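Here is a short report for a first look at this structure. Please keep the sequence and the model in view while reading.

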Amino acid sequence: MSTEVLLNETFDHSSITALRHTVASCAAGAGLGGERLDDFVVAVNELLTNAVRHGGGLGTVALWRAGDSVVCEVRDTGTGLPEAAPEMPVRPAATQPGGWGLWLAEELTDTFTLITGNGGTVVRVSSRVSLREA
């Protein structure tokens, strides 16, 4: 399986909007389209925002094409999640104003992994370019 790196950069709060547009452009160029592209961009935007708000204000994002999927990894250098991360994010209560980011990222993509600890949090999501089975 070939891997094509599309994006790899550091970000802070001032660069999230521009970065969201860059992610959309790169993912579209890699073959994601329509609602799958929109969902992927929303998921990545949630991860970028979480890294800034909860992960120390600075993060790195990497985007690549691996086989038939577009993959994004967001890292921060915060102190990690305050409690052990559930295997899959739990949907927040409808009345809860925050806490939707990880749940949305998991719901809107095909794969979701989260690793957290004292050195920060890493979240990786991916979406297949085509839903057709091989």
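## A serine in the last strand

Ser-127 lies in strand S5, which covers residues 120-128. Helices (H or I, at least four residues) and strands (E, at least two) are DSSP runs, numbered from the N terminus. With a relative accessible area of 2%, Ser-127 is buried. Here buried means under 20% relative accessible area, exposed means over 50%, and partly exposed lies in between (1.4 Å probe, protein chains only).

Ser-127 and Phe-40 sit 87 residues apart in sequence, yet their C-alpha atoms are 6.9 Å apart in space. Leaving out residues up to four places away in sequence, Ser-127 touches Leu-32, Arg-36, Phe-40, Asp-68, Ser-69, Val-70, Leu-108, Thr-109 and Asp-110. Contact means heavy atoms within 4.5 Å.

## How the model is read

This is a predicted model: local features need pLDDT of at least 70, side-chain atom pairs count only at pLDDT 80 or more, and totals for chains, interfaces and linings use all residues. Residues are numbered from 1 along each chain as its sequence is written, and side-chain values use heavy atoms, with hydrogens and water left out.

## The overall layout

The chain has three helices and five strands. Along the sequence they follow the pattern β-α-α-β-β-α-β-β. Of the 134 residues in the chain, 39% are buried. Among contacts with a separation of 6 or more, 62% join residues 24 or more positions apart.

## Asp-110, a partner of Ser-127

Asp-110 is one of the residues that Ser-127 touches. The place of Asp-110 is in the loop between helix H3 (101-108) and strand S4 (111-117). Asp-110 counts as partly exposed, because its relative accessibility is 32%.

Asp-110 touches Arg-36, Ser-126, Ser-127 and Arg-128, not counting residues up to four places away in sequence. Arg-36 is 74 residues from Asp-110 in sequence, and their C-alpha atoms are 9.8 Å apart.

## Helix H1

H1 runs over residues 16-29. It has 14 residues and reaches 20 Å from its first C-alpha to its last. That is close to the 20 Å expected at 1.5 Å a residue; the expected span is 1.5 Å times one less than the number of residues.

Which residues of H1 are buried? They are Ile-16, Leu-19, Val-23, Cys-26 and Ala-27. Seen down the axis of H1, these buried residues fall within an arc of 95°, so they line one face of the helix. The arc is that of the directions from the helix axis to the C-beta atoms. An α-helix has 3.6 residues a turn, so residues three or four places apart point the same way. On the other side of H1, His-21, Ser-25 and Gly-29 are exposed. The cover over the buried residues of H1 includes strand S1 (3-12), H2, strand S2 (58-66) and strand S3 (69-76). Just after H1, Gly-31 takes a positive phi of about 115°.

## Helix H2 and its contact with H1

H2 has 21 residues and reaches 30 Å from its first C-alpha to its last, close to the 30 Å expected at 1.5 Å a residue. Its buried residues include Leu-37, Phe-40, Val-41 and Val-44. The buried residues of H2 pack against S1, H1, S2, S3, H3 and S5. Asn-45 in H2 is buried too, with a relative accessible area of 15%. Leaving aside neighbours within four places in sequence, Asn-45 is in contact with Ile-16 and Arg-20.

H1 and H2 pack at an angle of about 145°, with their axes 10 Å apart. Axes are lines fitted to C-alpha atoms, for helices over the stretch in contact, and angles run from 0 to 180 degrees between N-to-C directions. From H1, the residues that meet H2 include Leu-19, Val-23 and Ala-27. From H2, Phe-40, Val-44 and Leu-48 are among them.

His-54 is found in helix H2. His-54 counts as exposed, because its relative accessibility is 60%. The C-alpha atoms of His-54 and Gly-120 are separated by 9.8 Å, and the two are 66 residues apart along the chain. Just after H2, Gly-56 takes a positive phi of about 95°.

In H3, Gly-101, Trp-103, Ala-105 and Glu-106 are buried. The buried residues of H3 pack against H2, S4 and S5.
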